[in-house]
Amino acid sequence: MKKILVFSFSFIGDAVLSTAVIQPLISHFPDTHITFLVGPNAYDLLANDPQIDASLVYDNRGEHAGLKGRIKLIKALRREKYDLVVNLRDSFIARCVGAEHWGLVRGDRERHAVTRYLEVLSKQGIDTTDAYPQLQLTEVELATAQCFLDETGITSKRLLIGIHPGGNWEYKLWSAEKYVQLATTLLDEKDVSILLFAGPNERELQAQVADSMTTSPILVETHNLREVAALIRACDVYIGNDTGPMHIAAAVGTPVIALFGSTNHIRSGPYGDKHVVVQSGLDLGCNPCHPGRNPGGCGAGSCAVIDGITVEQVLNAVDCIIVP
């Protein structure tokens, strides 16, 4: 059995994108044991994924902070006697594990993250054709999501639209007021039900949007990312900013409408052909500012480029995805 360690990421979205390497590795090394090393926030999402044999936490702000913490991590990883390390985060620690090392290819970074991750494998002769980020959910998780929907009275006859107005950076966010207008229009003009998602620190925003709507949405309040993923999978379309849940949606096969302004959709947009990226078309000369040397350097507190996206643009994107 070949023991493979994949150096993944701390942020949820990046960790989800890194799952694109799993199936090519399994196909190339049928008798293999795959371990993912991820940050604490992403651990729960990947720990129970049937594709992965084991998950470990790299807590660079806690247990593994500083030189002493990194040495502790290296020693723990060396004890596992891995045969191969797939280093997607270009980490120096990955070179100290005592295994064969496959690292990122130096070159043009103006490509999608998934393209760069898969290139780590393809340069070693592994076929990555049709590989893409995937999250596999268990039958129990899918059944739990269906029970939640049944209890709320949602019927399969209605379209189910997931909306997540939040995100981990204020410059990524479309305004709450426009999300209210969007959700209200969808409810008024289409036979839909709306699941309103929110992260653990976004309950106030979730309540603000819900309270401003004329028809109440269904609030998703679980902190369990696997439960969130299962509920997103049940949706006919997911609408949101550039966030981890956006990548979760694409990885479970739900069509995504992603709103971009301050971040680079070429590098971090939803991966796949069935998704739609909506942009305002404004060019202030500073966008996208992330990634970059001075993200949010304008100090405005919000991004005028993403604010310029109209509700009508997003509604048109919904019509493009959903066949009447």
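The model is predicted, so local features are given only at pLDDT of at least 70 and side-chain atom pairs only at pLDDT 80 or more, whereas totals for chains, interfaces and linings use all residues. Residues are numbered from 1 along each chain as its sequence is written, and side-chain values use heavy atoms, with hydrogens and water left out. Helices (H or I, at least four residues) and strands (E, at least two) are DSSP runs, numbered from the N terminus.

**Pockets**

- A pocket is an open set of points on a 1 Å grid over the protein atoms alone, where a 1.4 Å probe fits and protein lies on both sides within 12 Å along at least five of seven lines; its lining residues have an atom within 4 Å of a point.
- Grid points are joined across faces, edges and corners, and a volume is the space filled by probe spheres set on the points.
- The largest pocket holds about 1400 Å³ of space. Its lining comprises 44 residues, of which Phe-11, Ile-12, Gly-13, Asn-168 and Gly-244 are the closest to the centre.
- Two or more lining residues of the largest pocket come from each of helix 1 (12–18), helix 3 (40–47), helix 5 (113–122), helix 9 (225–233), helix 10 (244–251) and helix 11 (265–268). Helix 1 contributes the most, with 4 residues.
- By class, the lining of the largest pocket has 17 nonpolar, 17 polar and 10 charged residues. Here Ala, Val, Leu, Ile, Met, Phe, Trp, Tyr, Cys and Pro count as nonpolar, Asp, Glu, Lys and Arg as charged, and the others, Gly among them, as polar.
- The second largest pocket has a volume of about 280 Å³. It is lined by 14 residues, and Tyr-132, Pro-133, Ala-250, Tyr-271 and Lys-274 are the closest to its centre.
- The lining of the second largest pocket consists of 7 nonpolar, 5 polar and 2 charged residues.

**Helix packing**

- Axes are lines fitted to C-alpha atoms, for helices over the stretch in contact, and angles run from 0 to 180 degrees between N-to-C directions. Angles under 35 degrees count as roughly parallel, over 145 as roughly antiparallel, 65 to 115 as roughly perpendicular and the rest as oblique.
- A crossing is right-handed if the near helix is turned clockwise from the far one by less than a right angle, and left-handed if anticlockwise. Contact means heavy atoms within 4.5 Å.
- Helix 7 (residues 176–189) and helix 13 (residues 311–321) have axes that come within 10 Å and cross at roughly 45°, which makes helix 7 oblique to helix 13. This crossing is right-handed.
- In that contact, Lys-178, Gln-181, Leu-182, Thr-185 and Leu-186 of helix 7 meet Val-311, Val-314, Leu-315 and Val-318 of helix 13. The contact has 6 nonpolar, 2 polar and 1 charged residues.
- Helix 7 also packs with helix 8 (residues 203–212) at an angle of about 45°, with the axes 9 Å apart; helix 7 and helix 8 are therefore oblique to each other. Their crossing is right-handed.
- Ala-176, Glu-177 and Val-180 of helix 7 meet Leu-205, Gln-208, Val-209 and Ser-212 of helix 8. By class, 4 nonpolar, 2 polar and 1 charged residues make up this contact.
- The axes of helix 6 (residues 139–151) and helix 9 come within 9 Å and cross at roughly 65°, so helix 6 and helix 9 are roughly perpendicular to each other. Helix 6 passes helix 9 in a right-handed crossing.
- Glu-141, Leu-142, Ala-145, Phe-148 and Leu-149 of helix 6 meet Arg-226, Ala-230, Leu-231 and Arg-233 of helix 9. This contact includes 6 nonpolar, no polar and 3 charged residues.

**Backbone geometry**

- Asn-287 and Pro-288 are joined by a cis peptide bond with omega of about -10°. Pro-288 lies in the loop between strand 11 (276–278) and helix 12 (304–307).
- The peptide bond from His-290 to Pro-291 is cis, with omega near 0°, and Pro-291 is placed in the loop between strand 11 and helix 12.
- Asp-90, although not a glycine, has a positive phi of about 55°. Asp-90 sits in the loop between strand 4 (84–87) and strand 5 (100–103).
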